[in-house]
Amino acid sequence: MSQVQFAAPPSVPPAQSAVTTVVSEPVAATVPLSKLAPEAALKRLELTIVRRLEGFLQGDHLGLLPGPGSDTSDAREYVPGQDDVRRMDWAVTARTTIPHVRDTIADRELEVWALLDVTPSMNWGTGGVTKRDLGIAAIATIGFLSQKIGDRFGGLIMEPTGLRRIPARSGRMALYALLRTMLTTPIVHDNTEGPIDLAAGIEQMARTQRRRGLRMVVSDFLTTGDTQLDPNVETVWERPLRKLSVRNQVICVEVVDFRELEFPDVGEILIRDPETHFDRYVDTSDAAARARLNAATRAQRERIRVAIRRSGAAHIQLRTDRDWVQDIARFVLAYRRIASQLHTPPQGVSK
C-alpha cells in the first residue's frame, strides 16, 4: 500500500512552490507582488459601500454629517412627497417635459482595515499559491477596488504571539508598501503557541479601530480544538465578528485549499495539525473513510458560512486552485444587489 507522509519535511529547494508546503513549511511567498492584483482586470469594477462613514474629505461614500451635500450628481424623475422642490433641475425638466430633480452627494473618505491571519494553518497549499498568500492577494484586490482619492488602507497581521499593526495611509504606493510588508512577514512555524487567536484578533480590531469604515477579515476561520460541526452552535469568533459589524461594513474572506474540501485517493497518509501536536494515519483508499472525511469538511465549512452570515458580514470563499480575481469580480457584481440588505445595522444603531 502506498504511503505519503505529509509531515516528513525534506530539504526545501530555493525556488519555493505552493506544492512543497504539503511536506514542509514554506520559506517565502509563493506569489510575487506584481501579480497580486492585475489592475487592468479591475478597472471596470467598483466595491459597493453602503454603511455611513466618518470623515471630512469629499469622496464617493455616504457620510455621517447632516445635509444633502453640495456636489451635484445625476438627474432623475421628481417623486411628489419625497423630493425637495428646491432641487428641481429646470433645464432637464424643460427638455423632457417631465419634472426632474438633481441629486447631490454628501460623501466622506473611506478607511479600510484588513486583518490577515498568518497562523500556521495558513501556510499550506496544493494549488498554485498558499492560503496565506491567497489571503494577501484578496487584500490587494479589494484594496484596489475600494480605494479612491483620500481613502486610507491599513493592516493588522495576526500571529499567535501578537498582532502587528500597519498604520492606514492613502495612495497606491502606500497600499503596495502594505502588501510588501505582508508578503515579507516571516513564516510562522508549526506549533507556535501564543495568546492570540482569530476571536482575539477580531476583538482587538473592533476595540482599537474606532472609526467607521470597511473591515476585512482574511482567514481560513479554523479554530484550534473546535471539533463542533453543528451550525446552530456559535463559533468562538462569531460574537466578536458581530460586534465588529455593528459599526462597520465587514467582508470575511475565507481562504481554503481544494484538498481540504476533497481528499484525494493516495493511499495511507499521515495527517498532522500544524497548530497542535495531533496526528493520525488515514487510509484514503478506503472510499467510506474518504466519504466521511469529505462530509465532515463540508459540514465544517457550512458552519463557518452560517456563522459569518449570522454576524451580518459579507462572505466570499477563495480557493487556491482557482483564479481569485475572477472569484472576487463575481462577488463584487453580486454584492451590488445585496449589500444594503446584508449590512442592515441592528435596531437603534445608525447606518
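1. pLDDT is the predictor's confidence in each residue, from 0 to 100. This is a predicted model, in which local features need pLDDT of at least 70 and side-chain atom pairs count only at 80 or more, while totals for chains, interfaces and linings use all residues. Residues are numbered from 1 along each chain as its sequence is written, and side-chain values use heavy atoms, without hydrogens and water.

2. The chain has a mean pLDDT of 79, with 77% of its residues at 70 or more. Confidence is highest in strand S7 (residues 214-219), at a mean of 94, and lowest in strand S1 (residues 3-5), at 36; strands (E, at least two residues) and helices (H or I, at least four) are DSSP runs numbered from the N terminus.

3. Residues 1-15 stay under 50 in pLDDT, and the model gives them 29 contacts beyond four places in sequence (contact: heavy atoms within 4.5 Å). Where pLDDT is low, predicted coordinates should not be read in detail.

4. Helices H2 (residues 131-146) and H3 (residues 172-184) have axes that come within 10 Å and cross at roughly 170 degrees; axes are lines fitted to C-alpha atoms over the stretch in contact, with angles from 0 to 180 degrees between N-to-C directions. H2 is therefore roughly antiparallel to H3 (angles over 145 degrees). Among the contact residues are Ile136 and Phe144 of H2 and Leu179 and Met182 of H3.

How values were computed. Angles under 35 degrees count as roughly parallel, over 145 as roughly antiparallel, 65 to 115 as roughly perpendicular and the rest as oblique.
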